[in-house]
Structures are given as C-alpha cells and as structure tokens.
Amino acid sequence: MCASGPRHSPIRAGLLGLSRYSCKQCKRSFRNRSGLTQHVHAKHPHFWTYSRPTNHQDVGDLHTEEDEEPLVNPSHSMPGSDTEVDNGVRAAFIGPGNNLFRNYHPGLTGQPCNADGNFLPNGTLPEPRQPKPPDDWSPYSSRLEFELADFIYTRSQISAANLNTLLELWAASLVEAGGKPMFGSYKDMYRTIDNTRVGDVKWQSFTVKYTGDVVADPVPWMHDEYDVWFRDPLEVVRNMLANPEFANNMDLQPFREYHTADSTRRWQDFMSGDWAWRQADIIAQDQDCLGSAFVPIILGSDKTTVSVATGQNDYYPLYLSIGNIHNNICRAHHNGVVLIAFLAMPKTTREYASKDEFRRFRRQLFHSSLGRILRTLKPGMAKPEVTLFGDGHYQRVIYGLGPYIADYEEQALLTCIVRNWCPRCLAYRNNLDDDDALDRCRDHAEMLIAEFALDALWNEYGIVGELVPFTNDFIRADIYELIAPDILHQIIKGAFKDHLVEWVEKYLRLTHGDSRANEILDDIDRRIAAVAPFPGLRRFPQGRHFKQWTGDDSKALMKVYLPAIEGHVPSDIVRTFRAFLEFCYLVRRDILTEKDLDDLDEALARFYRYREIFKTTGVITTFSLPRQHSMKHYKQLIQLFGAPNGLCSSITESKHVKAVKKPYRRTNKYHALGQMLLINQRLDKLAASRVDFESRGMLQGTCLSTVLDRLANSWLGDEDRSPASVSIDESQGDCEDVSGPRVEAHVSLARTQQWNQPTTIVALADELRIPNLPDLVRAFLIGQLYPEDTRDPTEIPYLEYPGHEGRISIHNSAISMFYAPSDLSGIGGMRQEYIHAAPTWRQNGPRSTHHGSTVLRKGRRRSTLGYLGYHERFPRLLTPPPPIREVTPVTDTHHRYKSPLAPVLDP
C-alpha cells in the first residue's frame, strides 16, 4: 500500500471549514481564491502615477510608485549618491526627477556611530546585534498565544469575567482531545503581558504639597498632598528612536527644502523649519556636539472629562512626541505621540477656589511638575548620548525642548501671562492687532520682573510675576518661542465657531429682530440640511442647530456654511467668510510654499478689511480676541515649525480616546487612575511586542495560514496553492483612513456592471439630460491628466482635449481612494470612501452616499489609468465659492435626472 502524495491527500482545508487563503500584512483569511481576489481588487489595487505627456492626445508614459526615487538620508548615503557639498552645507536632490533639493545643516549631520560613540564612515552597515531565534516568542510560548493576548486585550477588550468564561469554553472544547488553552484564566494572560520586556517603561509617582506661608487658620488645600504619575521621558524617547516603524519616517538633521526649478522654499515636516536650524546653530558651537542628531522634544497637555453622569471625573494627561517623526505619522496615530504623565489637578471648595493664593499654587504646581518629570532629559541637552535607532545604527543625539501643543487657556498657563493677552507678542490686550508689537522673549520677561512691581507687570505687560515657567530649568528653552500654532482651537473652534458663526446670528437679531431672525436661521438650517452627499462633505439633517460641537463638526460645517448664509447677510460678511476660509485651508495644507505664505498674507488682509462690518453694525465692539489674533502669527510659525497640522491639538485630542477615555471605561471606576495606568502599560507592551516580532519577520500571514503552510507539502494539492496577498479589514462605514502609498486619486469599480444602460457618453448625456456632459468629461480629464497646465479649459482648442468616443459600461458602486492629509488618514495621507448609487439596496429603496455621482474609468485592465469625476445636484444657493483646494465648487444649475441616482461609468 503506497502512501498518498499531497495531490491525493483526503484531508482538505475546505473540509475542515478553515479559511486558508490569507493575507500577510492584514491577517485576513478567505475560504476560496475568488474571495481573496475580489478583496484584493477592491481594497488594494495596484497604484499608478503618471507623468505629463508632451502631446495631450497621448495618455502613455505610465510609471509606478516604485519608479520614483526614494528619499535618502544624506548621512547614510552610499558613495556615488546624488549629494553635493557647498560651503559646508550638504545639499541633496530628492523626489521624482530631482524636482526638489535640500540643504542640510553642516554641524548636526546625524552621522552614524558605533555603540561607543565613535563615528563611522558614510555607507557603513549597522553593527550586527545578537540575533534572537526565529521561534523566540518570549514571554509568550507561541505565536498563537501572542495573537490571542493581543486580540483579546487590544481589540476585543472584553472584561476579566467574560475572558474567564471564554477560556473555560475553550478548555471544554479541548479536554477530549487532551489539549488545554494557552491561558488558564485572565490572570495568566495579564501576567504574561506584564512580563514583556520590550517597550517596558514603568510608571512612577511623586507627591507635591504647598510649602508657602501658612496662615493661622490654614485652609484644607494647603495640607493636601497631590500625586503625579509619570513615565521616564528619556526611556520613552529612546524607545521611539529605536522603533523600526519610524526608521524610514524620521529626519535626523535640520534642513531647508527648495524647488529645483525656481529655488522657492517649502515647509512640511518639523525639521524643515527655521527653529530647528537655529537650535542646531547654537548646539554646533560646542565641538563635542558636531556630527550629532538633534532630537526636539514636543509636549502637549489638555484636560479631559471622561464621565459626567456619575460625577465630574477629569484627568490631565501629558503627551510627548519628537520633532524628527514626520507629520503624517503623528496624525495617523502610529504611536508617534505617547502618554507620559497624568498631572495633578488640585481642587478645593468654592470659598477658596477664587483666592489668589490657590490660583498661584495651582499654576505653579503645573510648572514644577513638568520640571520634575522632564529632569532626566537634562544631561542629554548639554552633552550628546549614544542611542540606538530603528535602522540599526547608533547615533549621538542631543535633546532640546521643542514646541508645546496647547489651546489658548493652556498657552496662558505655560507662558505665565494674564488671560486676554497674547502669549507670543507684547501687543496690549485692548489692541492685540498692533503691527508694531514686539515678540515676547525670556530675557525681556526676566528683565521686566526684576524692574517692575507685580501690579505693573499684570496691568502693563500681562505677566504673572510670581510664577516661574518650567522652561527656566532647561538650556536653550524659551517658552514664548515654543508656543505652537493650534488650528483646532484657534481657527476652527475659535475664529469660526465661537466668533464668526455667532456673529452672524447676532447680526440677524440686531437687524431683523428675534422673530424674523429665527425664520432666517431656520432657512439657513434647511439649506445646510439640503446639501447633497459628496466626497468630503458631511450631512447635517437638522442643520447646525445642535449644542455639542466637536472639531469634526466645525470642520464639516465650514464646507457648507458659506452658501447657506448667502442672500441673508451683506456681501461684506460673505467676503469675510471667503477670506477666512481661504486662510484656514491654506494653513491646513500638508506642504506650504513661499507663494502660499504670500497668499496667506493676502487672505488675512482681506479678512481684516471685510470683518469691519461686524463692528460698524454693532455686533461687536472690539477685535482684540486672542484666538483670532493668533492668525497674525501663523506665517512666522510656519517658517519656524513647518506645516501647522503636525502640531495641532487635534492630535492630542484624538489621543485622549485611546489613552484616557477607553481605558477609563475598562475600569471598575474605583481608584480608576491606577487601573488606567496599568491598561496603558499593557497596551504599550503589546504594541512593542508586535513591532519586535514584525521586524524579525515572525508575523507573516496569519496563525492559520502559518500552520497550513507547514502542512502544505503533505495535504494540500498544487492546484490549491496561490501566493498570499495584502488586504485590510472590512470597512465599518462609508469612509475610512487607509494605509499605503500616496496617490492623488484612484477608483476601484464594482466587479459587476449594470446591463440595459447607455453604452456611450452621448447616450448617457441624453439619459441624464445633461447635454454638455461630453464637454464636462473632456474638461475634467485635462485637469486631471495635466494639472500643471494653467490655461482655462475654455481656452484650450477642442482638438487638444482628451476624450473618449468608445463604449462605456455602468457600475452602481465604487471605492475612491484619495490624498487628504488634513483629514484623519493613513500614514501616506490616504483616505478611502465608498460611492454607492444603487437603484435598490437590500430591498429597501435606492441608496446613494454621493447623490448624483458619476465615475468614469478608462480601460478594462486594472493596470491602466483610472479617471474620477463627479457631477453634483446642488440647489441654487450662491455663486461659486473661492477657488481653494478644500472647498468644493458648487454648480448654479439644478438638473432634472431621469433616474434618482446617477450611475458609475467604465468606458
């Protein structure tokens, strides 16, 4: 009797009910090849970019993302790389076609070194480290044990009682086969996670109390002790620098970036700003620091409330990041921002809460706590220390305090100023927009404190003289220079929501009276609610009449508010909003150029000019508003720190959810802080373990696919084998952020086309009653294919238009992937939306997430170029809004569609 080969084995994965077609990166499995293929086509199409052809009639010259030249760190460049040195400044060409070049700082070059701190020649490979065995899953016994712990604790987050029940059921299913579950109880799993050594930075605490003069009858808060919990920031920073995930997304030295064609400068990530360059100039004066890498420490703090119904439970988290990490990593929340402390929040009775002594104590406690938490960084700010980086190289690093992310109230606390004064300049609080106001600085403030009485400091300079900023304990640190721009609270929530929107309502009530004003406000709400679905637009079924506004609510309302008020307010108010929106969308860009900064000045000047209508009509009496005044400093802040979206408080706000609010919900609410600390520590250990295992290539495929691959030679036939692919989890909604390369626009159509539909663009134009649809398609294609062509489409000869005269096919749904760095997106800035235009959806009538959408795709093969276009059915509300990137142009015609839903096309 012969042993059967793998082709004849009676054991099949399908017979076992197992999903064996898996993806290496996303861990998703499929039962058959067809499911995997459809998933890959829908979720991970092959991205294509294109270069502009010389002939508009030709759509060739395609190349892939892999053809673009990678960004090379010049300190690691190999001999023969495209690197030049001029007058001590290292220059390197980057980008496709060398369209950009960078001048790197000549002193702090980020030169690799060995573990002893001795510099290595350029191109030297990292020192080999003691390799771990490929089956070393410690402290876990196997991959399955780690994946189970990670899934239960990080993703499922079930309670300890439910986990015990699950483990008992699992044990019951294995007892007959003589097996046992990996963990006997929840305590076994927690104990295993706690034994993780990778990324282990333990929580510590210290106690502070009032040490000032005590009155004869001391108040309770003077005797209380306050606990501050923290993790060593030096160890946290070392872990971030050694994280392999960040190895290709870090800048180790300051640089200035320019366009090769015209030498105009551009700003993006933090190290491209002037502040890092100036700090490097100061550090480089010490010969011992030459060749080191500069690591700016970025901090952020903000109070947050986790529960109101069961009592006011507030926490005061402190976050840390480093300026070397690219902005897209911080915004994508890939552990680029780390929780390092919970600050104390002194409380007392109402009788003493308003007393000056208590207020001073509370504010100085904040500064003293920060100084105590950050003190381990001090030695590395004066002399370089040798640190391991994620690429395997050692570097000599020098630390420095960088920008502090905070809202206005926090900024006033940080800079020790009186409320309603500017934390960055000396403009008087009643005339904040004074063009002659000088910038604040540490030396000037200390001189004023030495010369003037406390009352004069308070009234004439807005300085609280009794307080000492925490930055005074650190070298090269000036708190007035470190105040970061805050788009969320200064621009979106402040100037837009709290100022302009409220001013419009006040204007309507002053002009028309309450009764008529209410009618107009109701009409504005109806207009907002009538906005048709469109990519990037959020619907407000009840208008803007809701109490609790989030930052996302304000950003979404900004896109539709301008057309909603047109006709109800004077033209100068409309122009005010237009200028403000141009300013807002400019500062939210991922990359800013010198021209953008000029446009910023021009938009701000128009905003200042047109907003006067609110003063002349009696809506307000002064424009000396700190958050609106902060717009005046944005140009300077961009030049100092790069694009503002990398330092926005929306990053720390979103971190609240993961680091504070969700851990709080997992506690039993009794002494919740201690439980929250433990939860955060375990989550960090699991994340660090996953990074470690992935860097060693131990997490390829899934647990099941790994087992099946080992058995493939014995019981899977050759016809069943197929290469693994990549995928992601199914979307939980119509919109999500995605990982992957950056691409301006890409559309994946539904696999099944619709029959008995128009087969040409001309026939479709008749079907939809849009006679100029062919012209719209041509105009759109030339804008997409040749974005550098600045001519108006109406001025381009008809023969130069790209067009399509062949057959088309209709699809009712598609997936659109596009670049949206200002929204929540993946590390490449990519976002994904699902376009539905189905006549029937689950037997419940039509469904359209983007009403009136038309998607046009050229080419049957997935390797050819895709085109994306939209035609919207907006009501007639106003003339087109300003031509800025993130405001969707509104058509002024209302087409009557033959079908309630426009289709998706595929020529």
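Strand 6 covers residues 89-94 and strand 7 covers residues 100-104; the two run antiparallel and are joined by five bridges. To find your place along the pair, look for Ala92, which stands opposite Arg102 in strand 7.

Two aromatic residues can be visited here as well. The rings of Phe93 and Phe101 have their centres 6.1 Å apart, with 55° between their planes, so the pair counts as tilted. How much cover do the two residues have? Phe93 has a relative accessibility of 29%, which lies between the limits of 20% for buried and 50% for exposed, so Phe93 counts as partly exposed. Phe101, in contrast, has a relative accessible area of 17% and is buried, because that value is under 20%.

Another tilted pair is made by Phe607 and Tyr608, with 6.1 Å from centre to centre and 45° between the planes. Both of these residues are buried. They also belong to a cluster, in which ring pairs link Phe496, Tyr561, Phe577, Phe580, Phe607 and Tyr608. In total, the structure holds 35 aromatic pairs.

Some rings have a charged neighbour over the face. Arg256 lies over the face of Trp277, at 4.3 Å from the ring centre. Likewise, Arg682 lies over the face of Tyr190, at 4.5 Å from the ring centre.

Now move on to strand 19, residues 394-405. Which strands does it pair with? One of them is strand 8 (residues 112-113), which runs antiparallel to strand 19 and is joined to it by two bridges. In that pairing, Pro112 stands opposite Gln395. Strand 13 runs parallel to strand 19, with seven bridges between them, and Gly300 has Ile405 in strand 19 as its bridge partner. Strand 18 (residues 385-388) is antiparallel to strand 19 and is joined to it by four bridges. There, Leu388 has Tyr394 as its bridge partner. Strand 18 and strand 19 also form a hairpin with five residues between the strands, where Gly392 takes a positive phi near 95°. Eleven of the twelve residues of strand 19 are buried, so this strand is largely enclosed by the rest of the structure.

Let us step back to the whole chain. It has 25 helices and 27 strands, and 51% of its 907 residues count as buried. Among contacts between residues at least 6 apart in sequence, 70% join residues at least 24 apart. The chain exposes about 42700 Å², and carbon and sulfur atoms supply 51% of that area.

Finally, how confident is the prediction? The mean pLDDT of the chain is 79, and 76% of the residues reach 70 or more. Confidence is highest in strand 13 (residues 293-301), at a mean of 97, and lowest in strand 27 (residues 904-906), at 34. Over residues 47-82, pLDDT stays under 50, although the model has 84 contacts beyond four places in sequence for them. Residues 713-732 also stay under 50, and for these the model has 66 such contacts. Where pLDDT is low, the predicted coordinates should not be read in detail.

Definitions and conventions. Residues numbered from 1 in each chain as written. Predicted model: local features only at pLDDT ≥ 70, side-chain atom pairs only at ≥ 80, totals over all residues. Heavy atoms only, no water. Buried < 20%, exposed > 50% of the residue type's maximum accessible area, 1.4 Å probe, protein only. Contact = heavy atoms within 4.5 Å. Areas by Shrake-Rupley, 256 points an atom, 1.4 Å probe, with all protein chains shown as cover. pLDDT = per-residue confidence, 0-100. Phe/Tyr/Trp six-rings, centres within 6.5 Å; stacked < 30°, edge-to-face > 60°. Lys NZ or Arg CZ within 6 Å of the ring centre and 35° of its normal. Pairing = 2+ DSSP bridges.
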